[in-house]
Amino acid sequence: MASNGNGEFSFDSKRRSGLPKIQTQKTDDDNVVCHDDSATPVKAQTLDELHSLQKKKSAPTTPIKSPHAFGVAVSEEERQKQQLQSISASLASLTRETGPKVVKGDPARQAETPKVAQSHATHHHHAPTLNISDSALKFTHILYNLSPAELYEQAIKYEKGSFITSSGALATLSGAKTGRSPRDKRVVRDETTEKDLWWGKGSPNIEMDEQTFLINRERAVDYLCSLEKVYVNDQFLNWDPNNRIKVRIVSARAYHSLFMHNMCIRPTAEELEEFGTPDFTIYNAGQFPCNRYTHYMTSSTSIDVNLARKEMVILGTQYAGEMKKGLFSLMHYLMPMRQILSLHSGCNMGKGGDVALFFGLSGTGKTTLSTDHNRYLIGDDEHCWSDHGVSNIEGGCYAKCIDLSREKEPDIWNAIKFGTVLENVVFEEHTREVDYADKSVTENTRAAYPIEYIPNAKIPCVGPHPKNVILLACDAFGVLPPVSKLNLAQTMYHFISGYTALVAGTEDGIKEPTATFSACFGAAFIMLHPTKYAAMLAEKMKKHGATGWLVNTGWSGGSYGSGRRIKLAYTRKIIDAIHSGALLNANYKKTEVFGLEIPTELEGVPSEILDPMNTWPDKKAHKDTLLKLGGLFRKNFEVFTNYKIGTDNNLTEEILAAGPNF
């Protein structure tokens with residue numbers, strides 16, 4: 001080796017390769033020359049190994065409580081095996097008797113053939129057993145309770161039409177259906193539901209038999225089991241821990257999994273350890289149509305509920321709201337059986353603990369009036385009223401986005417961030433900024449986000465018994481007072497009626513108001529007869545001293561076209577006076593026809609508008625319109641008059657007497 005003795009390198013030209021060898025020699029000032037300050041090299045020997053170090057192993061699991069005595073700990077492997085057995089049992093085919101071979105994780109990340117826990121699915125003795133088929137040879141990969149970040153990755157990678165918007169929300173498309181399909185919803189009519197449910201004219205419950213349900217269930221489960229991977233969410237409904245329901249949602253799309261992650265209550269790791277078998281399961285095979293030649297089917301869409309089997313099947317629609325409202329219908333059945341009232345309402349609470357319920361159809365101002373920065377939001381849409389007080393059924397909000405602005409709805413605007421699902425919105429191609437006014441896909445654009453995204457949300461979403469029950473109506477006929485105090489019978493009557501009147505927006509410019517009635521302010525979702533819910537409401541109001549109010553957010557001084565919309569500032573003053581209790585101390589007088597108690601004066605609101613008759617220049621036109629609306633109420637109520645609670649018609653007659661009298 002040649003060296004000049006000064007630490008410099010020399011070349012040895014005698015190396016076998018024929019290339020000169022570069023040689024260095026250490027010197028005393030080695031720490032000055034060419035010092036390398038990099039960290040210790042990684043231990044990985046390959047790039048794959050390096051990438052495997054990036055993520056900590058923390059796959060979510062739902063271990064089932066160990067049946068072993070003496071508190072013997074169950075290994076992680078055993079817990080995962082039990083969980084996979086539970087999921088496989090949920091996906092069991094009725095003809096094959098067992099569920100698929102299930103394994104955790106995304107198939108795209110599987111380096112080797114996965115090991116699988118043996119399924120111990122429930123056997124159905126009445127069904128024939130078929131010989132083994134190709135489907136029995138494949139694995140179904142379970143992506144279980146993924147985090148929003150993981151679901152973003154899945155959606156963007158595998159689902160066309162999924163994009164991250166400028167605010168961080170995930171924009172998705174629901175396919176051909178951009179709203180619910182109530183005419184395609186079916187409920188199995190069996191010995192139990194025959195007696196309990198509301199059937200016939202006016203009812204939202206369209207019947208099907210169990211055999212047809214099982215055919216649709218098989219179609220959905222076979223479709224899900226044919227996929228390489230499915231998403232499974234195990235979550236809760238109802239913030240009241242004594243009455244919460246465990247639900248499992250099996251779906252084919254990351255969008256649906258993220259939607260339900262936001263809309264249901266998210267369990268803690270400890271709660272998942274105790275989760276066990278779900279109380280209700282949804283099979284969302286919405287990308288796959290139902291067989292239109294199956295009995296009871298009227299289209300390629302079918303949403304089927306079987307209360308005895310505790311299952312719901314979705315075929316032929318990818319609109320995520322079907323899952324939310326399907327579960328709400330379930331709660332409308334299960335909760336009253338426990339003497340708990342289920343309600344389609346908003347709910348907030350003052351700093352002093354006073355709770356108010358808000359009922360109202362679309363366009364009545366329910367969202368605007370129940371969102372109050374001086375009060376805590378318990379929930380925006382679905383609630384239960386039990387002996388303990390009120391509780392939100394959901395873990396999130398499903399807000400309309402059409403024409404959304406930061407100025408009008410700052411809380412909703414600010415909630416549209418990372419983790420939020422934006423359904424069917426239109427955005428600018430380059431900046432990904434959403435244009436909330438654009439209706440190119442649909443007018444029914446929506447945002448689904450966890451309730452924690454609302455700054456004044458009360459977590460947990462529970463509260464004491466309500467002091468006020470506020471029924472909102474946007475009366476475009478202009479004859480209902482801005483506010484009326486209701487007695488219990490009137491509260492039941494107007495609750496069952498579920499009235500609002502809006503203006504039909506047509507190209508021809510028709511300005512005639514259209515009356516809309518929706519029983520219990522949510523007719524599409526109720527399972528029992530409306531009178532049952534109304535009687536429970538009155539009973540709870542009486543027991544806990546709540547007051548009923550009818551608030552008109554519509555027109556004054558004439559119908560639409562001649563009158564004017566009541567100012568939002570006045571309505572807010574009215575709502576504030578209800579919350580504070582000031583309105584209880586006002587002087588009241590009675591109106592004609594509807595017999596409503598109306599205040600003669602209220603601070604901050606012009607006294608003349610409190611009685612609609614004062615504001616109409618044409619008194620005869622006012623009386624005629626009032627009688628017309630009274631007639632519409634009567635006609636709508638005819639469908640409810642033949643229902644009995646108990647052995648006589650006393651309650652029905654009492655409610656009828658509280659309606660318009662002329």
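**Exercise 1.** At what angle do helix 11 (residues 488-497) and helix 16 (residues 650-657) pack, and how far apart are their axes? Classify the arrangement and identify the residues that form the contact.

*Solution.* The model is a predicted one. In it, helix 11 and helix 16 pack at an angle of about 85°, and their axes lie 8 Å apart. Angles of 65 to 115 degrees count as roughly perpendicular; helix 11 is therefore roughly perpendicular to helix 16. Helix 11 contributes Ala489, Met492, Tyr493 and Ile496 to the contact, while helix 16 contributes Leu651, Glu654 and Ile655.

**Exercise 2.** Describe the nonpolar cores of the protein and the surroundings of Phe495.

*Solution.* Begin with the largest nonpolar core, which has 152 residues. The residues with the most contacts inside this core are Leu91, Leu224, Leu327, Trp385, Ile416, Leu422 and Phe495. At least three of the core's residues come from each of domain 1 (141-460) and domain 2 (465-656). Next, consider Phe495: leaving aside neighbours within four places in sequence, this residue is in contact with Leu343, Phe359, Leu471, Ala519, Cys520, Phe521, Tyr533, Ala534 and Leu537. Finally, a second, separate core has 18 residues, including Leu369, Ile470, Trp549 and Ile609.

**Exercise 3.** State the confidence of the prediction, overall and over residues 61-71 and 117-130.

*Solution.* The average pLDDT of the protein is 89, and 87% of the residues score at least 70. Over residues 61-71, the pLDDT is below 50, and the stretch has 27 contacts in the model beyond near neighbours in sequence. Residues 117-130 also have a pLDDT below 50, with 28 contacts in the model beyond near neighbours in sequence.

Key:
Residues numbered from 1 in each chain as written. Predicted model: local features only at pLDDT ≥ 70, side-chain atom pairs only at ≥ 80, totals over all residues. Heavy atoms only, no water. pLDDT = per-residue confidence, 0-100. Contact = heavy atoms within 4.5 Å. Core = buried A, V, L, I, M, F, W, Y, C linked by side-chain atoms within 4.5 Å. Buried < 20%, exposed > 50% of the residue type's maximum accessible area, 1.4 Å probe, protein only. Domains from an automatic or database assignment. Axes fitted to C-alpha atoms, helices over the stretch in contact; angles between N-to-C directions. Helix = DSSP H or I, 4+ residues; strand = E, 2+ residues; numbered from the N terminus. Parallel < 35°, antiparallel > 145°, perpendicular 65-115°, else oblique.
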